[in-house]
Amino acid sequence: MAGIDLQTVVKTFPNGVRAVDGVDLTIEDGEFMVLVGPSGCGKTTLLRCIAGLEEVTDGAIFIGDRDVTDDNPKDRDIAMVFQNYALYPHMTVRRNLAYGLKVRRTPRREIAQRITETARLLGLEELMDRRPLALSGGQRQRVAMGRAIARRPAVYLMDEPLSNLDAKLRVRVRADLARLHDQLGVTTVYVTHDQVEAMTLGQRAAVMNDGKIQQVDTPQSLYWSPVNLFVAAFIGSPSMNLVDARIVDNSLRFAGFSLPLSELGRDAADIPDRVILGVRPEHFTLVDEGHSPAWSIEGEVTVEENLGAEVLVFFPVDAAPVETDEIVSIRAGEEEEALLAQEARALFTARLPSGTRQFRGTRIRLALDPERCHFFDPETRRSLVMRAPADEPIPALA
Amino acid sequence: MATTQTPLVATAPRPLRRASRRRKRETLAFYGFLSPWLFGFIALSSIPLVLAFLMSLSNLTTVNLHTNLHYVGTDNYVRAYHDHEMWYSLERTGILMVTVIPLWIVTQLGLALILNASIKFLGLWRTLFFIAVIVPVVAKAFVWKAMAEQDGGLINRALGALGLSGNVDWLLDHPTAVLLMVLVWGYAGTGMLIFLAGLKSIPEELHEVARVDGAGAVRRFVTITLPLLTPVIMFQLVWGVFLAANEAFVFPILLSPGLQQGLGSTVPTDNVFTNLYALQRIFGEGDFGYGAAVAWIFVFFLIVVTALLFLSGRFWVYSGKEQYGK
Amino acid sequence: MTQAAVAAEAAPPRRRRRRRWAPKRLVVRTLLYALVIVLAGVFVAPLVWGFFNSLREQHQGVSGPAIPSPIHEHNYNYAWSGLFPFSHYLWNTVVLTLIATVPAVITSALAGYAFARLRAWGRNTLFIFVLGTTFVPFSIIFIPFFYLVAHLGMYSTRWPWLIWGIGGSAFLIFLFRQFYSTFPSELDDAAAIDGAGHLRTFWQIYLPNSAAALAVGFIWLGTGWWGEYIYASLLLPEQLLPLGVKVATGYNDPTAQITLIPITLAGALLFTLPPLLAFFLLQKKLARGIVTTGLKG
């Protein structure tokens, strides 16, 4: 059991690519830290550096109080769970679990004891004499975890262990993972591209992009107080709505809408003339007919998705979509790819409680809560008005 | 608008007959595509095999069929049973198999392991190791004759340089050793590529997990790489038996010291393997019948060896398919 | 408030990366390279030695200084035209190789396609027979084959090579089967919808896309037949002999009754050049071909 300290870790590949670009991170003893980001952000490389599977180009890695930067993987007291499980196909479950222990010359009795414990913990007792080929995906995943657990290392490293499971199974195993961590309390570094996993599993999450850590924080803080545009756009599904806006005559203008700055109170002072406005889909409120609050926008709903408890409505606004590098790299990592060519106009999303009303084709008016809007500097992309995390649960993610 | 009613329940199923008709058409096409090969199969394999069998049961001694040819039953085989030279040739064949095949496997696997490591100029090394395979049989033989020559051959020169006796008549006194060298040098290349493909088919993640678990390179090789390679090894073993069988025919003839008179007449006895022995009986004494019988004994020997290999496979060959945990 | 990503000053002091001269790794690396170089040397040595010796004085055998002192490079001229016309037998070799290889490649491609794409009764059994032919030892076949050839009047002719050509090669069939089974089956469907029969589908769709497999097959089979010795020496008259036989027996000094080794080596190396050249020219395709045409199967 040990904490991890990463100091200015840099990893440059021989072809010149800087996969990890000066990462500083401290992971507390017993903490479940998630490394999350789009494909190619460097999270897996960073994990492999911690594991010792990649040599660090610069910087230092400490596990516990030991400098392990030059150590082989086997000397770092870690165990790893791979995305494809990497079970030894020619060995039974029992031998798979025992491998690491046998290699380390653990006495036979202790091996047997640990294996029985681990098998019981993960429900593998029936499967001990089967080979990986005869196991289902979920079972293999548990064996892969069992292999790590049986070793009793100081740190678990997990590389997208759930991404090969189908959706329903994933939700269940996620819960099991959280439960396991409560029970075992071992420091865990968990890599995923899925921000839902990051938000639900991690005590803290490190959002990465381009080899750098954008923000390390609790899920709450990441959601409510994103430090820059990237984190704001990456966390939350559907993504935060973004639009370029200008300050004219003391009001925030964009897409033909004009929102008076007075509503922002003291925060208005922090906003420059040009700004990027961000609103999460769940922070819109439907306005009844006839009313017209100061901070509201309206549009015609072109697409409607009924999710059961909620409805997602999509409506275009009369402004160009925000196309910064961060957005592009996030979108590149998203599962869905646009079927149609990119529209000239930005498409906003709003989450509304479902009812009997059909939104499609209608014009709707949505109110914005100034306290819940985010503002970003168009040049630095940093968040201009820091919000405090609200005391309410993050809405269930789509 | 009048429309026909489509029945909700399908009437008597028709697909069955259509599939069978289609199958028949494809079968016809299939055998059409295979007809050239079938022709070759009959002309080059089936008929000769049958003939060989018949010959072994006859007293055929010339090419001319019309000379007192008659059925002699198992006489030829009985004669072979009492033939000391035949048994010696069988012994030599066994010794060859037992030495050349392990040497092949070790060399091929060793070279493949080297090529699998991340070293520079990989293509160069691979080419250099493989070139020997491309060299034609005759050139292979003469190049190694130059190596093995008693007076001035490279092997003796090297031995001399190391301080050992540099005057060995390899071609005459140790012909099988020379044969071994030619075979390993000249045929390790293809096996090397096959093992290389096998090594690369083991996902890197298995090695990484093992490294994290604490296994060093040697241990990983023994507990992970080797077990997963056993199917390839088995393939190479069986292949090796037949490769050795075929090459042990040509090379002893070409490697024999001195000029050749008849085909295979000057081969040192140690290199006369059973198939060569059969050849000698036919082209030396014209004894087709006996030669055929000896050849069949050789084939039988090969079958026994192969069968033993296959049976042993149940104990040491990993038989899973290639799904490493996904 | 939020935490930004900045290292805490209280952490252990920063470490500059030490240079990576980990001694143990360096030693292993050097040993590995040394081993590779030695092995490569061992594998190339026989050829180099053969080359050196091809430059010796004719009757010297392989004795004398390691690198021959007066270099007799005219041995090569002599090998070419001194005792017999090399080019004539070279031509024989080319003809025999082509007769045996080109039809075989086509036959094997046809068969490979059939095994990969046509569902027929007895397909799997027949494939076992195909594989089985590789295990029929040459030594049991050639006796009756010689007999057959003699009785069918094909002795002293090139006809047997044509028969071998038509018969194809089990290894190539296996190769093509693996290769063609990687083609998307939608190709067949599209062709069928367009009205093409099996032969047309093969000829116009599969075959044109088989460059890699054809190259591998041709090289593999061609280099094998190029050096064929036994059948040629058994079945062919002097006029039709390929170099495979002629180089072995043709460089004899008639008076001294010995084989002129240096000349023979020169001839053998000349004989080796064409397949070597062909191999180098198609080497890239060859390596890729073997790995991708499914020897993993």
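A residue counts as buried here if 20 or more other C-beta atoms lie within 10 Å of its own. By this criterion, buried residues make up 43% of the 398 residues in chain A. The model is predicted. Chain A contains nine helices and 21 strands. Its C-alpha atoms fill a box of roughly 75 × 50 × 40 Å along the principal axes. Contacts in chain A were also sorted by sequence separation. Among those between residues at least 6 apart, 72% join residues at least 24 apart.

Strand E8 of chain A spans residues 187-192. Six of its six residues are buried, so E8(A) is largely enclosed by the rest of the structure. In a regular strand, side chains alternate between the two faces of the sheet. In E8(A), A:Thr187, A:Val189 and A:Val191 point one way. A:Thr188, A:Tyr190 and A:Thr192 point the other way. Strand E3 (residues 32-36) of chain A is joined to E8(A) by five bridges, and the two run parallel. Within this pairing, A:Val36 has A:Thr192 as its bridge partner. Strand E7 (residues 155-159) of chain A also pairs with E8(A) in the parallel sense, over five bridges. Here A:Leu157 stands opposite A:Val189.

Three bridges link E15(A) to strand E20 (residues 363-368) of chain A in the antiparallel sense. In this pair, A:Thr285 lies opposite A:Ala367 of E20(A).

In chain B, helix H11 (residues 274-285) packs against helix H12 (residues 288-316). The angle is about 175 degrees, and the axes are 8 Å apart. That angle makes H11(B) roughly antiparallel to H12(B). The H11(B) side of the contact includes B:Tyr277, B:Ala278, B:Arg281 and B:Ile282. The H12(B) side includes B:Phe288, B:Val294, B:Phe298 and B:Phe301. By class, this contact has 10 nonpolar, three polar and one charged residues.

Helix H6 (residues 154-161) of chain B has B:Leu154, B:Ile155 and B:Asn156 as its buried residues. These pack against helix H5 (137-148) and helix H7 (170-173) of chain B, together with H1 of chain C. B:Gly163 follows H6(B) and has a positive phi, near 95 degrees.

The contact between chains B and C takes 72 residues from chain B and 78 residues from chain C. On the chain C side, helix H1 (residues 23-53) gives the most, with 12 residues. By class, that side divides into 52 nonpolar, 23 polar and three charged residues.

Chain C is assigned two domains, domain 1 (23-77) and domain 2 (85-292). Their centres, taken over C-alpha atoms, are separated by 32 Å. In the contact between them, 15 residues of domain 1 meet eight residues of domain 2. On the domain 1 side, the elements giving two or more residues are H1 and helix H2 (74-81) of chain C. H1(C) gives the most to this side, with three residues. The domain 1 side comprises four nonpolar, nine polar and two charged residues. Helix H4 (residues 123-134) of chain C and helix H7 (residues 170-181) of chain C pack at about 135 degrees, with their axes 8 Å apart. That makes H4(C) oblique to H7(C). C:Val130, C:Leu131, C:Thr133 and C:Thr134 in H4(C) meet C:Ala170, C:Phe171 and C:Ile173 in H7(C). This contact has five nonpolar, two polar and no charged residues.

Terms used
Residues numbered from 1 in each chain as written. Chains lettered and ligands numbered in written order. Predicted model: local features only at pLDDT ≥ 70, side-chain atom pairs only at ≥ 80, totals over all residues. Contact = placed C-beta atoms within 7 Å. Helix = DSSP H or I, 4+ residues; strand = E, 2+ residues; numbered from the N terminus. Nonpolar A, V, L, I, M, F, W, Y, C, P; charged D, E, K, R; others polar. Pairing = 2+ DSSP bridges. Axes fitted to C-alpha atoms, helices over the stretch in contact; angles between N-to-C directions. Parallel < 35°, antiparallel > 145°, perpendicular 65-115°, else oblique. Domains from an automatic or database assignment. Buried ≥ 20, exposed ≤ 12 C-beta atoms within 10 Å, placed from the backbone.
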